[in-house]
Amino acid sequence: MMEDWRQALNGDPLPWLLEPDPHNPGVRYLALRELSSLPADDPEVLEARAAIMRTGPVPAILDAQYPAGYWVKPGSGYSPKYRSTVWQIMFLAELGADPADERVRRGCEYLLSHGIAVNGAFSALQRPVPAGAIHCLNGNLLSALLRLGYAGDPRVQAALDWQARAITGEGGVHYYRSGTSGPGFACAANGGLPCGWGAVKAMKALAAVPPHVRTPAMQWAVEAGAAFLLSRDPAVADYPYVERVSSTWFKFGFPLSYWSDVLEVTAVLVDLGYGHDPQLTPALRLILGKQDERGRWRLENSLNGKMWADVEQKRQPSKWVTLRALRVLKGRIRDQGPGTRDQEPNRSRRTTSGGTTGSGTRDQGSGTQPLPPDNSPAAQRDQGLEKLGENQESEWMSQADATMTPEAVLALLKGRRSIRRYRPDPVPDEMVEQLLEAGRWAPSASNRQPWAFIVVRDEAIRREVAKHAAYYFIRWAQVEEAPLLIVLCGDARNRIYRQFLHEDVGLAGSQIMLQAKALGLGTCWIGGLDRKAVAGILRVPDTMDIVGLLTVGFPAEDPEPRDRKPLAEIVHYDVYGNRQKGGAVTPGRLPGGWLGRLLRRLRFNIRP
Ligand SMILES: Cc1cc2nc3c(=O)[nH]c(=O)nc-3n(C[C@H](O)[C@H](O)[C@H](O)COP(=O)(O)O)c2cc1C
């Protein structure tokens with residue numbers, strides 16, 4: 001019987017992938033391991049791996065290696081592209097080379113001792129200096145080294161740590177105009193904007209670290225990265241760009257280098273546990289739509305003529321691309337078999353909006369809509385997609401638990417600090433949107449949502465506001481320095497609801513601050529304000545109160561956590577003053593006379 005993940009296919013390409021192939025023996029090995037799930041010590045698997053080292057691109061690459069371990073020339077090995085050291089390590093890992101092979105290890109050792117800058121990250125510059133550290137290179141090399149068995153190497157751990165901190169902005173990472181230029185994937189190679197390719201490669205590396213061994217910094221980085229990748233439709237891939245969306249996103253290839261494609265971003269999100277996020281549905285449709293009538297994918301992009309060996313023929317059905325596509329389909333249904341996470345008891349129901357995607361993503365046509373009863377290839381494909389989405393809700397619950405662990409949430413809450421020094425870099429629009437989105441979802445009395453958020457970017461207006469962000473003789477320097485202010489206002493017209501205004505708007509502000517933290521941004525709530533003056537500058541009408549102001553930007557400081565009072569000092573049990581958990585207590589007396597007691601008896605229950 002066909003396994004579920006193959007039902008979205010027009011044909012069964014597995015026999016094709018499993019056949020011995022001297023040109024690409026790695027496909028058979030990886031298909032046996034990852035699609036047929038055979039154990040590493042299965043005799044067939046061992047023979048398939050040995051074949052990789054005998055024929056095809058792997059021996060061609062190893063033949064070009066210098067005895068010292070590098071390719072082309074000594075040094076960090078970024079250039080010349082596709083023939084020097086860093087690319088060979090990536091290709092060897094992707095092609096399934098044997099990590100125990102002495103030449104493979106020599107190459108990895110050379111890279112680890114010549115390619116890493118003092119900040120712990122891999123550098124793209126010939127002399128490995130921190131200014132050359134970029135997410136795409138670091139992520140690509142880390143995922144290669146993790147595949148090649150270097151997970152326990154302290155240099156790999158340090159590079160992972162840099163990757164995570166460079167994403168979140170935590171822990172004193174230095175940014176450089178020429179390389180990784182700010183948190184949230186900002187990179188000089190993408191004009192200083194957050195880079196989609198860099199994000200995919202960084203997440204590919206972090207996805208290869210099992211969740212239970214990820215540090216809190218890695219977990220935050222995973223959440224920030226997934227939020228960033230899902231902030232756009234991966235099938236459109238309009239991540240921030242300088243001139244246009246690169247066409248390489250839509251041409252499936254093998255092997256990839258610093259660029260990415262829709263298949264890779266989808267694979268990474270699937271590996272991170274977001275395979276059932278409805279935001280991925282168009283990407284899955286795009287992927288399935290590219291298969292031929294036999295369930296195979298073509299090679300649309302290649303490095304033929306540029307690397308030490310050509311891998312496959314362009315425009316022809318590609319075993320490697322097909323393998324990549326099948327990994328995605330299979331990955332989506334992992335953990336759905338009996339005895340897996342879905343069966344754990346007492347799970348509360350969660351929705352995608354509780355995670356990382358923006359509003360509207362839930363409405364984008366998930367795999368659960370009914371499809372016409374027609375047998376055309378397109379309909380069959382879509383029905384396959386339906387099947388893959390069958391367990392969407394229950395699966396999502398476990399995804400949410402896997403990624404939004406209580407520990408991760410608490411770590412986010414504890415890790416937030418008021419940031420009072422900012423870098424001048426502007427906050428990208430898509431991040432601002434996410435902040436406002438987080439504020440919009442705050443609870444409010446009777447869901448009246450009395451807030452209005454004024455996003456102040458204009459420098460002249462910010463300067464004016466900054467003059468009045470003061471308390472007696474103190475002026476808050478951060479208001480002038482921050483590239484973005486969000487002024488939090490509340491509608492004060494309703495006499496009854498006015499009493500809740502500060503709670504409502506305060507909660508929205510808190511959500512914005514936490515979302516900012518998750519995005520690697522810093523914030524500071526400014527309460528010391530001349531509200532009248534600020535209202536005048538911002539043309540806020542009399543009917544609106546200014547509740548607070550948030551400074552927002554990429555942090556230029558990493559302050560130590562401030563103390564909090566111990567729980568013993570602030571917690572009372574059942575009644576005020578009782579510090580003992582458990583034990584008998586009696587309620588206090590109701591205030592008011594007989595009229596108050598009578599009126600209280602006239603109350604009735606509602607659920608607004
Ligand atoms: C209602 C409110 C008003 C605040 N006003 C200011 C302010 O005017 N200026 C300032 O620098 N920080 C201000 N803060 C930030 C607090 O000083 C800060 O949250 C507190 O010291 C705890 O530090 P942490 O946020 O780093 O944990 C304010 C915070 C709140 C919640």
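Buried, in this talk, means under 20% relative accessible area, exposed means over 50%, and partly exposed is in between, with a 1.4 Å probe and protein chains only. By that scale Phe-500 is partly exposed, at a relative accessible area of 28%.

Some ground rules. This is a predicted model, in which local features need pLDDT of at least 70, side-chain atom pairs count only at pLDDT 80 or more, and totals for chains, interfaces and linings use all residues. Residues are numbered from 1 along each chain as its sequence is written, and side-chain values use heavy atoms, with hydrogens and water left out.

I stay with Phe-500 for a moment. Its ring centre is 6.1 Å from that of Tyr-497 and the planes are at 55°, so the pair is tilted. For rings of Phe, Tyr and Trp (its six-membered ring), a pair needs centres within 6.5 Å; planes under 30 degrees apart count as stacked, over 60 as edge-to-face, and the rest as tilted. Tyr-497 is also partly exposed, at 25% relative accessibility.

How many aromatic pairs does the structure hold? There are 15. One of them joins Tyr-239 and Trp-249, tilted, with 5.5 Å centre to centre and 45° between the planes. Both residues lie in the loop between α10 (216-230) and α11 (262-271), so the pair ties together parts that are ten residues apart in sequence. Helices here are DSSP runs of H or I with at least four residues, strands are runs of E with at least two, and numbering goes from the N terminus. Tyr-239 and Trp-249 are buried. They also belong to one aromatic cluster, whose members include Tyr-78, Phe-185, Trp-197 and Trp-259.

Next, the ligand. The residues around it number 13, and those that come nearest are Arg-417, Ser-418, Trp-525, Arg-562 and Arg-564; a residue counts as near if one of its heavy atoms lies within 4 Å. By class, the shell has four nonpolar, four polar and five charged residues. Nonpolar covers Ala, Val, Leu, Ile, Met, Phe, Trp, Tyr, Cys and Pro, charged covers Asp, Glu, Lys and Arg, and polar the others, Gly among them. Strand β9 (residues 522-526) gives the largest share of the shell, three residues.

Which atoms of Arg-562 and Gly-528 lie by a ligand oxygen? For Arg-562 it is a polar side-chain atom, at 2.7 Å. For Gly-528 it is a backbone N or O atom, at 2.9 Å. Taken alone the ligand exposes 620 Å², and the protein buries 68% of that; these areas come from the Shrake-Rupley method with a 1.4 Å probe.

Two contacts within the protein follow. Asp-101 is found in the loop between α5 (85-94) and α6 (102-114), and its side chain reaches the backbone nitrogen of Arg-103 at 2.8 Å. Asp-101 is buried, at 15%. Ser-318 is in strand β4 (residues 317-318) and is buried too, at 0%. A polar atom of its side chain lies 3.2 Å from the backbone nitrogen of Trp-320.

Last, the cysteines. A disulfide is a covalent bond between the sulfur atoms of two cysteines. Counted as a pair of cysteine sulfur atoms within 2.5 Å, the structure holds zero of them. Cys-195 counts as buried, at 13% relative accessibility, and Cys-489 is buried at 2%.

Terms used. Polar contact = N/O pair within 3.5 Å; in protein donor to acceptor, adjacent residues only side chain to side chain.
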